[in-house]
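Visitor: Could you walk me through this model, with the cut-offs spelled out as we go?
Guide: Gladly; here it is.

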Amino acid sequence: MITAGIDIGSITAKAALVQDGRILGDKVIFTGYNAAAAGKRVYEELLAEIGVTSKDVAKVVATGYGRNAVAFADKTFTEILAHAAGAHYADPRVKTIVDIGGQDSKAISLDDKGKVKNFIMNDKCAAGTGRFLEVMARAMEVNLDEFGSMSLASQAPAKISSICTVFAESEVISLIARGEKRPDIISGIHESIAARISAMLARVGVVEPVMITGGVAKNAGVVAALSKKLGVPIEVSPHAQQNGAIGAAILAAAL
Amino acid sequence: MQKTDLINALAEDPHSYLKEIKQKNAAKVIGFVCSYAPEEMILAAGALPVRLLTATENPHRADLHFQSYGCSLARSILDAALAGRLDYLDGVVFPHTCDTIQRLSDIWRINLPQTFFADVVLPVKLTSPAARQYLLDVLQKFRGDLEAKLGAAISDAALQDAIRLYNAIRRNLNRINELRRAHPGLISAKDYSDWVTAAMRMDRAAYLSLLEAFVADREQAAPGHPASRAKKLVLAGGGCTTPDIYGAIEEAGGVVVDDDLCMGTRYYEALADESLAPLPALADRLITRPVCPAKHAGLTRRADDLIARVRRAGADGVIFILLKFCDPHAFDYPYMKEMLDRENIPSLLVEMESDGQAGGQLQTRLETYMEII
C-alpha cells in the first residue's frame with residue numbers, strides 16, 4: 001500500500017510517499033503565499049517523479065501549519081505527531097525529539113512505543129527558529145548552506161545575549177562593526193539558539209537517544225552547539241526537513 | 001435562540017447596553033475590577049454593578065502609567081477609561097486582590113478624579129479568625145462610603161433582597177455548570193462564558209429571568225443530547241477575555257466540562273447564607289468562596305479544588321489559561337501542575353494577552369494535546 005504525507009511548513013512544503021514501510025521518495029518546495037497551491041504542487045510533482053498516480057495512493061495525511069489547506073488529505077495531524085512518527089520510523093529507540101522549523105521549534109518526548117508523552121512549543125516568537133538563522137545569515141552576508149559549518153571553525157564564540165531576533169540582529173551588527181571574526185559571530189548565534197532550545201528541552205526532560213528534525217537539523221553548527229550544551233550526542237534525522245512529511249505518510253498507513 | 005443572541009452581543013459590546021440602561025432606569029452604573037467586589041452592596045444602593053473587562057489592542061494611553069509587562073487586562077481597562085470609553089460610569093470599586101489592581105486603583109484615583117472611587121481592602125489571609133471581623137469592618141466601611149457618595153441609604157431589607165437575587169442567579173449558573181458536566185457539549189464554552197460575563201453586567205433582575213428561561217431550555221434539551229466523544233476538559237486560571245480560545249478548544253476536539261476561572265465558578269459557585277444578617281452573610285461568602293491566587297486559604301487549596309473538579313467530571317485533562325504577566329496565577333502554576341502530575345492528570349499551559357487571538361500555533365498545541373491525553 002502506498003500512502004502520502006504532505007507537510008506544509010511556514011517556509012517550505014514537503015511531500016513524501018511511503019510503500020509498506022519503505023520511503024519511495026520525497027520532495028521540498030517553497031510554500032510561498034498560497035499554502036493550498038503549494039501542497040497540491042509538491043504532491044503532484046512528487047507523484048510524477050516517482051511515476052505513480054494519485055489513484056495508486058491509498059491515503060493522504062496532511063500536517064504542518066498549513067495542514068487544513070490541503071483539501072485532498074484524508075486526515076490531518078499536527079506536525080508534533082507527524083515528527084514523532086517520522087523520528088520513530090527513522091530510529092525506534094528515539095525518546096526525545098528537537099524539531100526546529102522555519103517559524104517554530106518544539107521539544108517532544110516519546111514513550112517506548114513512539115507515542116508523544118509531552119511537548120513544548122516556542123511561543124509566538126521567531127527566536128530559536130529557522131527564521132532567526134535566515135535573518136542572521138543575511139546580516140552576516142553568508143549563504144545559508146555554508147552558515148552552519150562555518151561556525152565549526154570558531155575558537156572563541158562571540159556572546160549574543162538577546163533572545164529577540166530583532167535585538168539579536170542589531171547585536172550581531174555591532175559585533176560586525178567591532179571586527180569580530182565571522183565564524184566566531186556565527187558560532188555565538190548558534191550557541192544562543194542552543195541555549196534557548198535546551199531550556200525548552202529541560203521542561204520535557206532529556207532522555208537519550210535525542211534526535212533533531214526539521215530544516216534547521218541541516219545546520220551542523222546548531223547541532224554541535226546543542227549537543228555541547230546538553231552534554232549528550234544528538235542524532236540528526238536522515239530526512240531532517242522531510243521528517244514531518246514521512247511521519248505523516250506513516251500515520252496515513254495506520255488510518 | 002434570540003435570548004442567547006442578546007447575551008452574546010453583550011459580551012461583544014457592553015457599552016451601548018449600559019449607556020441605554022443608565023438612561024432608561026436613571027440608575028447609576030458602578031464598575032468593579034475583580035470578582036471579590038461586594039456587588040450586593042452596590043445593587044442595594046440602587047446602582048448597577050458592572051465588571052470591567054475590556055480588550056484594547058494597543059493600550060498606548062495606559063502605557064504612560066503602567067509598565068508594558070503589566071497584566072494586559074489592567075492595562076486595557078485603564079486605557080479604555082483614559083480614552084473616555086467608560087465615561088458612563090458613575091464610579092469604580094477596587095477590591096484589593098492582586099498588586100496590579102492595587103496599582104490600578106492608585107493610578108485611577110490620581111488620573112480619573114471625576115468619578116466616585118472606593119477601595120475595598122480585603123484581608124489576604126482568609127482563614128485566620130481575625131479575617132472575618134476585619135472583613136465585617138471593611139464591608140461596613142464600604143457601605144458608609146457608598147451611602148455617602150451615592151446619596152442613598154442602604155437598608156438591611158434592600159441588602160437582603162440583593163442577596164436573594166444574587167443567590168438565585170448563582171443557583172442557576174451552578175445548574176448550568178452541572179448540566180455541562182453531565183451532558184458535555186450541551187452548552188458551548190463560548191455561550192457559557194457569555195452567560196457568566198452577562199451576569200456581571202446586565203440589569204440583574206432582567207438577567208435572572210433570561211437565565212431561568214435558558215436553564216429551562218437546556219434542561220429540556222439535555223435528555224436527548226447526543227453523547228460527546230470530545231476530550232473532557234477543566235479550564236483553570238484567571239479572567240478569560242479571549243472567547244476565541246473556546247472555539248479553538250472545541251475545534252481541536254475538546255469540550256469544557258468545568259472550570260475554576262474568575263469568570264466562571266470562582267464568581268458564582270458560593271452562595272450567601274440567607275438566614276444570617278446581611279453583612280455576616282456577605283463576609284462568610286467572601287471567606288468560603290473558591291479562592292483567588294491573590295488570596296490565601298491554605299497552601300494547596302486551589303490544586304485540591306482543581307483535582308476534585310477533574311475527578312468529579314471524569315475529565316481527561318486540564319488547560320491552564322493564564323493572562324500574560326499575571327503574577328499570582330504564574331506563582332501558583334508550578335505547584336498546581338506538580339500536583340496534577342502526581343495524580344496523572346495531564347495539563348497544558350496557554351498564556352494569552354487579553355486581546356489575544358487564537359492563532360495557528362495555539363491550534364497546533366491544542367490539537368496535539370487532545371490527541372495525546
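Guide: A crossing is left-handed if the near helix is turned anticlockwise from the far one by less than a right angle, and right-handed if clockwise. This is a predicted model, where local features need pLDDT of at least 70, side-chain atom pairs count only at pLDDT 80 or more, and totals for chains, interfaces and linings use all residues. Residues are numbered from 1 along each chain as its sequence is written, while chains are lettered from A and ligands numbered from 1 in the order in which they are written.

Visitor: In which hand does α13(B) pass α14(B)?
Guide: Helices here are DSSP runs of H or I with at least four residues, strands are runs of E with at least two, and both are numbered from the N terminus. In chain B, α13 covers residues 301–313 and α14 covers residues 327–342. By the rule above, the crossing of α13(B) past α14(B) is right-handed.

Visitor: How are α13(B) and α14(B) oriented to each other?
Guide: Axes are lines fitted to C-alpha atoms, for helices over the stretch in contact, with angles from 0 to 180 degrees between N-to-C directions. The two axes in chain B come within 9 Å and cross at roughly 40 degrees. Angles under 35 degrees count as roughly parallel, over 145 as roughly antiparallel, 65 to 115 as roughly perpendicular and the rest as oblique. The orientation of α13(B) and α14(B) is therefore oblique.

Visitor: Which residues of α14(B) make the contact with α13(B)?
Guide: Two residues are in contact if their C-beta atoms, placed from the backbone, lie within 7 Å. On the α13(B) side, the contact is made by R302(B), A303(B), L306(B) and I307(B). On the α14(B) side, the residues are D332(B), Y335(B), M336(B), M339(B) and L340(B).

Visitor: Is N344(B) buried or exposed?
Guide: N344(B) sits in the loop between α14 and β8 (347–352) of chain B, and has a positive phi of about 60 degrees although it is not a glycine. A residue is buried if 20 or more other C-beta atoms, placed from the backbone, lie within 10 Å of its own, exposed if 12 or fewer, and partly exposed in between. With 6 such neighbours, N344(B) is exposed.

Visitor: Which peptide bond is cis, with omega near -5 degrees?
Guide: Look in the loop between α6 (182–204) and β9 (210–213) of chain A, where P209(A) is found. The cis bond runs from E208(A) to P209(A).
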